[in-house]
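Here's a quick tour of a protein model, meant to be read with the structure open beside you.

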Amino acid sequence: MQRMDKKKERKNGSRSAFAVMLGLIGMIKPLLGIMCVAILMGCAGNLAATFLTILGGYALLTVAGLYEGMELSVIFTLLIVFAVARGILRYAEQASNHYIAFKLLARIRHRVFAALRALAPAKLDGSRKGNLISIITSDIELLEVFYAHTISPIAIAVITSVIMTVFIGNLHPALGALALVFYVMVGLVIPVINGRRGSASGQEYRDSFGALNTCVLDNLYGLEEILQYGRQEKRMTQMAEQTSHLEQISGQLKRQETAQRVTTDGVILLAGVLMAAASSQLAAAGALTGAQALIAVIAMVSSFGPTAALSALSNNLHHTLASGNRVLDLLEEKPLVYDIDGKADACKGDIRCGNVNFAYHDKETEGQLGKDMQEKANMAESAGDAEILSDFSAQFAKNSIHGILGKSGCGKSTLLKLLMRFYETEHGEISYGGKEIGEINTTALRGNISYVTQETFLFHDTIENNLKVAKADATREELIAAAKKASIHDFIMTLPDGYETVIAELGTSISGGERQRLGIARAFLHDADYLFLDEPTSNIDSINEGMILRSLVREKEDKTILLVSHRKSTMGIADDVLAM
Ligand SMILES: Nc1ncnc2c1ncn2[C@@H]1O[C@H](COP(=O)(O)OP(=O)(O)O)[C@@H](O)[C@H]1O
Ligand SMILES: [Mg+2]
């Protein structure tokens, strides 16, 4: 039932603005005290500014002989006190807001990275890592605006408006009511209307900005293809179109902002005029003194600071809440596979797969983190869950090389990912030495496997450190031995700094085959009981492949090796071959 509700809610789109705010505020519980202090100081500062003007009014009235409530010297002392307090309070308010914001950003980053760690690798397996990067960088950064410049302005506007309503209402209840109406207009009605109108263009701006970014990156990465197929003109036109579209929307947003500022100023002016009219009417009727009428007008026009600030806020609020929504989505995303802990560490012996069924189910979120909920829901509906493995059974005996052969897309890589427990099977069992994979601690399991994926990732670091990823404390002798087995040592020695050469300096000049051989060297260095090789020699010439395969044969005495390939020639060294 709860699941269904959740689904329904997701179908209705993202959470409401209010829910996002509550969620974001929920993250700051430890800092709530400082936040209250910031709000109090903000209120005091803004009231000091307002009463500075009001006291000025009293000073003039006293000089004119229309007011006798306070000595002139008292008024001037108060003026100085308020002026100094105003500056100090403003500074203290900003300082505590930023303290909160940066403490919080650190906390949120921490939580986001923890969430990513739990989601990896199954939920991060897709191709749209760009979305994740934008959550980690710009979305979290934008939340600073929320914590430092959104929550407390709202609280301050509410509190100061209530106090000013009471102050003016004390002069005459009708004037208090009038003031309240205008505070609500400026602080709530105008921002909400503008927020509604501006949100579509705001979203459009963000989208086209993202599209332009992608286009520029594509042009950089795809430079060779563009040149080869003569697509320069076309790509240039496309980029120019996107740029002018962005400019158009940006202009539209600017015009909206100006219109909003003009409206706000107009309404504030109207408030002053109406307050003047109402208070002079009341004064004429004897319900107010002339001095009180004047003070009411001054109090009205000088107290819009906090509420007017809200109207500027609504322009960014939509972006901020959208960012907050994506961050909350990510934090609430459930991992597909939970690590097993506190069970057996041992995994040795034959691998057995019995009647395994598997489909990639979670297509709605596969690599789509941070996407709009509605979009996710739509995708989930259109995507069928094609079964990759159905009723798959196999046995891989220890101390031998098992070839796995099959055409592209038949599920060879998927099988290895299941054996690594990157995903869980739906039916059937996988066991190591008779122990169910669900009974083996996940860290121990993966530590006992050397897994060479289809794409070796190299860090921007030296070759030595890139190899040591597989074994942090490896000696130089061990590195060389592993590199020799992977037939990459000779290549490394031709590089200017040998093992100290930084990969980033080589850039793309390192070939696919060299990259693959570094990946294989890592696996040899890791020296685990199980060695899973996913098309390890697909980019490697036959001479080097021969050398690597011979190394594998020498290793098989105390290892279980699974060798995936779609090439029959590679299978020559295998003790048995499974056709998938
Ligand atoms: N993370 C994933 N999410 C959804 N579908 C996937 C994912 N990875 C692979 N697939 C699909 O599963 C099928 C088998 O993929 P794979 O095991 O990589 O094949 P092989 O390694 O045999 O070429 C393919 O149709 C592929 O598109
Ligand atoms: Mg594959």
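Start with Phe-358, whose bridge partner is Leu-389 in β2. Keep in mind that this is a predicted model. The strands behind that pair are β1 (residues 351–359) and β2, which run antiparallel and share 6 bridges. They belong to an open sheet of 4 strands, ordered β2-β1-β4-β5, with antiparallel pairing. β2 (387–396) and β5 (435–436) sit at the edges with a single partner strand each, so one side of each has no neighbour in the sheet. Helix α13 (residues 412–419) packs on this sheet and touches β1, β2 and β4 (427–432), its direction making about 115 degrees with that of β1.

Now for the other sheet. Here 5 strands line up as β6-β7-β8-β3-β9, an open sheet with parallel pairing. Its edges are β6 (449–452) and β9 (576–579); each has a single partner strand, so one side of each is left without a neighbour in the sheet. From one strand to the next, the twist averages 15 degrees. Within this sheet, Ile-404 stands opposite Val-564 in β8. Helix α20 (residues 542–555) lies across β3, β7 (530–534) and β8, at about 155 degrees to β8.

| Strand pair | Sense | Bridges |
|---|---|---|
| β1 (residues 351–359) and β2 | antiparallel | 6 bridges |
| β3 (residues 401–405) and β8 (residues 560–565) | parallel | 5 bridges |

Finally, the surface. Leu-180, Val-184, Leu-188, Val-189, Val-192 and Ile-193 make up a nonpolar patch there, with about 470 Å² of accessible area together. Leu-180 is in helix α7 (residues 173–221), and Leu-180 counts as partly exposed because its relative accessibility is 41%.

Technical notes. Residues numbered from 1 in each chain as written. Chains lettered and ligands numbered in written order. Predicted model: local features only at pLDDT ≥ 70, side-chain atom pairs only at ≥ 80, totals over all residues. Heavy atoms only, no water. Patch = residues over 30% accessible without salt bridge, like charges linked within 9 Å, V, L, I, M, F, W, Y side chains within 5 Å. Areas by Shrake-Rupley, 256 points an atom, 1.4 Å probe, with all protein chains shown as cover. Salt bridge = Lys/Arg side-chain N within 4 Å of Asp/Glu carboxyl O. Helix = DSSP H or I, 4+ residues; strand = E, 2+ residues; numbered from the N terminus. Buried < 20%, exposed > 50% of the residue type's maximum accessible area, 1.4 Å probe, protein only. Pairing = 2+ DSSP bridges. Axes fitted to C-alpha atoms, helices over the stretch in contact; angles between N-to-C directions. Contact = heavy atoms within 4.5 Å.
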